[in-house]
Amino acid sequence: MDELKLSLLILFALLALSAFFSMSETAMMASNRYRLRHLAKEGHRGAKLAVVLLDRTDRLLGTILIGNNLINTAAATLVSIVTIDLFGDDSLALGIATLLATFAILVFAEISPKIIGAAHADRLVLIFPYVLVPFQRIISPVIWFINLFANGLLSLLRLRPKQSQMQSKLTPEELHTLVMESRELIPPKHATILLNLFELSEVAVEDLMTPRGRIEFLDLEQPWDEVCKQIATSHHSRLPVCKESLDNLEGILPIRRLVGAFENDTVDEAILRDHIQPPYYIPAGTPVFAQLTFFQENRQRVGLVVDEYGEILGLITLEDIIEEIVGEFTTSLPGQTRRLAWDEDGTILLEGSRSLREINRHLGLSFSLDGPKTLNGLIIEHFQDIPENGVSLKVGQVAIEIVQTQDRSIKTARLYRPVPPQIH
């Protein structure tokens, strides 16, 4: 009877050790490796040991599986020996004992420990290395011998992964999803900036530029008094300078350098021309993130977007790109309603020059951005002509009414909020 009790105690001990290895395998594989590396950099010893183990996954799995299989085999053998001692060579008793042993191993040493390991992986992964590292050192010759055959088989089948493939890496899309799923752990403003950065690679300069029709420029053909008045009252720090139209562009004028001189009436046209800087042109289709780098390298803040024929399409500034990343600034130019929101009746009156990207973002719509970039362009593409006032159309689920047309373009249009489908 004493031998039976000792055998049961040994069996329970073996099941506990098997549970440890099963739990450690799941916890080590399910742990957050980026959190581990962060803790390791801060000096956490358990995290450092875990990082060392995870850097050689083949050795780690060899350590755990050798320990687990040895213990499970020992447990099964012990059950067989005890059964034979009690019932002799009775095949029925031996079969029942084998089934019970298998059940106990599955429940107490495999499934339950692995569930616990997966649920508390980030905490347990800091504890298990203190046991796994010494054990790995003790059986290192066995691990080397077994991995020699395992790696040879993988090499023969051309399935052996490279060391770089064994390290966990995230693609930009996976990082985007990670930020989206972790928004409750990140300050809202920080999360918004990170998400905007991920989306920046998909945005081109023409998506953010001020269209040509909305560019304020300084016409040197107008009377000098009008030139001085425009410079004194302009809300821009830089103005394109031209004669009559942007087709005759002469350069960019940094207004702040001349405001004080204009107030003292010490500036004439010759001095003004001396301050004009050469224009900086940007090819249409340039990614915004690349343009941000170009602005930095060329020490520019304003660029004119041109098409393949050199025609000016619009103007983009460094501030436009920064706003795309951090969000719109609280200040806006007089006369411009930067904040877009539906009215109480579910409609909104918009200028035709409004960008579709801005409309989508603020009104929760989903106009395609692959073609036209403005509301005016979207409507004209639909009709293939300039529509008359009062004409309506529907793009997707959004009804649009033409309110006013002017100079071969839509000046204002009214959008109607789409009604969500009702579920019966």
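Biologist: In the hairpin of S10 and S11, which residue takes a positive phi?

Modeller: Keep in mind that this is a predicted model. In that hairpin, 2 residues sit between the strands, and aspartate 407 has the positive phi, near 55 degrees.

Biologist: How many bridges join S10 to S11?

Modeller: There are 7, and S10 runs antiparallel to S11, which covers residues 409-416.

Biologist: On to the helices. At what angle do H4 and H7 pack?

Modeller: About 85 degrees, with the axes 10 Å apart; H4 spans residues 57-87 and H7 spans residues 129-138. Angles of 65 to 115 degrees count as roughly perpendicular, so that is the word for H4 and H7.

Biologist: Which residues meet there?

Modeller: From H4 come Arg59, Leu60, Thr63, Ile64 and Gly67, and from H7 come Leu132, Phe135 and Gln136. The residues of this contact split into 4 nonpolar, 3 polar and 1 charged.

Biologist: Last one: is glutamine 230 buried or exposed?

Modeller: Buried means under 20% relative accessible area. Glutamine 230 has 15% relative accessibility, so it counts as buried. You'll find glutamine 230 in helix H13 (residues 224-233). Leaving aside residues up to four places away in sequence, glutamine 230 touches Glu216, Phe217, Leu218, Asp219, Gln222 and Leu239.

Methods: Residues are numbered from 1 along each chain as its sequence is written. This is a predicted model: local features need pLDDT of at least 70, side-chain atom pairs count only at pLDDT 80 or more; totals for chains, interfaces and linings use all residues. Side-chain values use heavy atoms; hydrogens and water are left out. Axes are lines fitted to C-alpha atoms, for helices over the stretch in contact, and angles run from 0 to 180 degrees between N-to-C directions. Helices (H or I, at least four residues) and strands (E, at least two) are DSSP runs, numbered from the N terminus. Angles under 35 degrees count as roughly parallel, over 145 as roughly antiparallel, 65 to 115 as roughly perpendicular and the rest as oblique. Contact means heavy atoms within 4.5 Å. Ala, Val, Leu, Ile, Met, Phe, Trp, Tyr, Cys and Pro count as nonpolar, Asp, Glu, Lys and Arg as charged, and the others, Gly among them, as polar. Buried means under 20% relative accessible area, exposed over 50%, partly exposed in between (1.4 Å probe, protein chains only). Two strands pair if DSSP finds at least two bridges between them.
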